[in-house]
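Here is a colleague's note to read beside the model. Please keep the viewer open and follow the points one at a time.

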Amino acid sequence: MSVIDPSLRYRRREQGLMLLLASPAVIVIVALVVIPVGWLMTQSVYDNGFTLEHYRRIFSEDIYWRSFTLTFRIALMVTVLTLILGYPVAYAAAHVKRPWDVLILSFVILPFWTSVLVRAYAWLVLLQRTGVTNQMLERFGLISEPLALVHNELGTVIATVHILLPFMVLPLYSTMQKIPRELMLAGASLGGGPLHTFLRVFLPLSLPGVVAGLTLVFVLTLGFYITPELLGGGRTIMISMVVSRNVELYNQWGAASAVGVVLLVAVIAVFALVGRIIPLDKMLGQK
Amino acid sequence: MKQPLLPRLLFGAFVGLVLIYLILPLLIIVPMSFSATRFLTFPPPALSLRWYAEYFGNPNWMQATRMSALIGLLTVIVATPLGTAAAYAISNSQTKLMRSLHMMLMLPLIVPIIIIAIGIFFIYAKLGLIQTLTGLVLANVMLGLPYVITSVVAGLQSFDKTQEMVARSLGMNRFRAFLTVTLPQIKASVFAGGIFAFISAIDETIIALFVSGGQYQTLTKRMFTALRDEIDPTIASISTLLTAASFILVLLATSGQKRAA
């Protein structure tokens, strides 16, 4: 005790000060995220004492299973579609000359900053039975009956892909931009055709961006609420909607909490799995 | 590396179509908002300012708009200093504890909002914070903190910390050194973080669905209800205004960031 290194004492004081500075923000997060979520977790195993009844119910009743599988299926579809649509866009943005890259990226980023509600409205206008798309198709004689493009799973997927495409394109773009052009030239000079060089050199190097994009899109789709609620036509009941209905309509806190915990565990499991490949902060930083 | 023309054309056409898909919904709302009819016909048969008049003339829409703007402003006022202080602490401390706190502060981006929303709904019900300004602002501060922190941490990364130390060694206390030396150099990131927190608060819908209402109903909750029950064309004029406002804000935020770089 008698000899304390002054620099150590300084460092301790410094660390105490830093904790103090961070504490107001930490308190807000604890009060409004950690405690509410922790409360949900206890609620999910509580009904006048400890019980696993809520979990038994949500895993045995048909409505819950249907919603779990539907959500999982939509998330997979949306993830694959955003990759198929997003990869070429990111590739183009990373390879064209200025100002075209700026133009492409602004097309990606503008919707990103538009309210999800505004976009839901726009898709209703575009996809309704009497909407713009059906009118156009009929005018060109391509269809005789209006297609059911919205108020179903299709409408939900169209709008969800639109909302999440930037989350795919941006990490892809930032990875592709760092791939040195010389590598592609070297591949070509060694006799590889353009497709061959792309598959053997470019594609593997862009994989970290692919993994980041796939993870973000998949996880975000699992928790989607507003879009399926407005565009799903009451039949596309995703997990988030089950949670909200159990609270709002049926006042079933136990079931709602258990479903919420399952959703949270799914999200954390995906992040943890992928986090072994790419650090989490890197993934979120690319948002 | 010249590639054959046909594949390049096909590739270009594909990318063009995806870009149209991305931008089409934003383009469609502007003409819809000037339509003279109730129906969702496109192009509109005649133009009018009817839906703008409907929006500005309706006291309910106006009240909800004022409420959202107020919540946004108060959120920025609270979240910006809190987030900046936390970001300063994060970039000045490399301890393990601080790293886990950093992770914890990013939770609002990771946990699905619906889970947070019903948790908050329950807690607020116990505390009597449902349909109150305090409750709404607090929830939006929570959601806005990750944006402020991420932006300011990035700003502090490119700031040379020895400058602040020099100021302190010359006798300034730490707080003054921060205000006069550090803050002016990271103000663009602080500003950008504040704007992102504002946009996030204006845009927030899910928590508002549960805890807002009565005179404390937000614009997004009203819009959501209007969209779910029947499609009120007034939404088109609101959407156009909202989109224009958020683009202006994003431009402000990013131009500030660029000037700092």
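The points below go from confidence, through the two chains, to single residues.

1. **How to read the model.** This is a predicted model, in which local features need a pLDDT of at least 70, side-chain atom pairs count only at pLDDT 80 or more, and totals for chains, interfaces and linings use all residues. Residues are numbered from 1 along each chain as its sequence is written, while chains are lettered from A and ligands numbered from 1 in the order in which they are written.

2. **Confidence.** Let us start with pLDDT, the predictor's confidence in each residue, from 0 to 100. Chain A has a mean of 89, with 95% of its residues at 70 or more. Chain B averages 90, and 95% of its residues score at least 70. Within chain A, the element with the lowest mean pLDDT is helix α13 (residues 280–285), at 59, and the highest is α3(A), at 95. For the complex, the predictor gives an ipTM of 0.90 and a pTM of 0.89.

3. **Chain B as a whole.** Chain B has 12 helices and zero strands. Here helices (H or I, at least four residues) and strands (E, at least two) are DSSP runs, numbered from the N terminus. The C-alpha atoms of chain B fill a box of roughly 70 × 65 × 30 Å along the principal axes. Of the 261 residues in chain B, 46% are buried; a residue is buried if 20 or more other C-beta atoms lie within 10 Å of its own, exposed if 12 or fewer, and partly exposed in between, with C-beta atoms placed from the backbone.

4. **Where the chains meet.** How many residues of chain A are in contact with chain B? There are 66 of them, and they touch 72 residues of chain B. Two residues are in contact if their C-beta atoms, placed from the backbone, lie within 7 Å. Helix α1 (residues 6–44) of chain A gives the most to chain A's side, with 17 residues. That side of chain A has 53 nonpolar residues, 12 polar and one charged. In this count Ala, Val, Leu, Ile, Met, Phe, Trp, Tyr, Cys and Pro are nonpolar, Asp, Glu, Lys and Arg are charged, and the others, Gly among them, are polar.

5. **Helices α9 and α12 of chain A.** Now look at α9 (residues 194–222) and α12 (residues 253–275) of chain A, which pack at an angle of about 175° with their axes 10 Å apart. Axes are lines fitted to C-alpha atoms, for helices over the stretch in contact, and angles run from 0 to 180 degrees between N-to-C directions. α9(A) and α12(A) are therefore roughly antiparallel: angles under 35 degrees count as roughly parallel, over 145 as roughly antiparallel, 65 to 115 as roughly perpendicular and the rest as oblique. On the α9(A) side the contact includes A:Val211 and A:Phe218, and on the α12(A) side A:Leu263 and A:Phe271. By class, this contact has 10 nonpolar residues, one polar and no charged.

6. **Helices α5 and α7 of chain A.** The axes of α5(A) and helix α7 (residues 153–177) of chain A come within 11 Å and cross at roughly 135°, so α5(A) and α7(A) are oblique to each other. Among the residues that meet here are A:Arg119 and A:Trp123 in α5(A), and A:Ile158 and A:His162 in α7(A). The contact divides into seven nonpolar, two polar and one charged residues.

7. **A:Arg129.** A:Arg129 sits in the loop between α5 (116–127) and α6 (132–139) of chain A. Is A:Arg129 buried or partly exposed? A:Arg129 is partly exposed, because 14 other C-beta atoms lie within 10 Å. Leaving aside neighbours within four places in sequence, A:Arg129 is in contact with A:Asn134 and A:Pro146. The C-alpha atoms of A:Arg129 and A:Leu147, 18 residues apart along the chain, are separated by 6.6 Å.

8. **Backbone details to check.** The peptide bond from A:Arg98 to A:Pro99 is cis, with omega near 0°, and A:Pro99 is in the loop between α3 (62–95) and α4 (100–112) of chain A. A:Asn48, which is not a glycine, has a positive phi of about 50°. A:Asn48 lies in the loop between α1 and α2 (53–60) of chain A and counts as exposed, with 5 C-beta neighbours inside 10 Å. A:Asn251 also has a positive phi, near 55°. A:Asn251 is in the loop between α11 (239–248) and α12 of chain A, and is exposed, with 8 other C-beta atoms within 10 Å.
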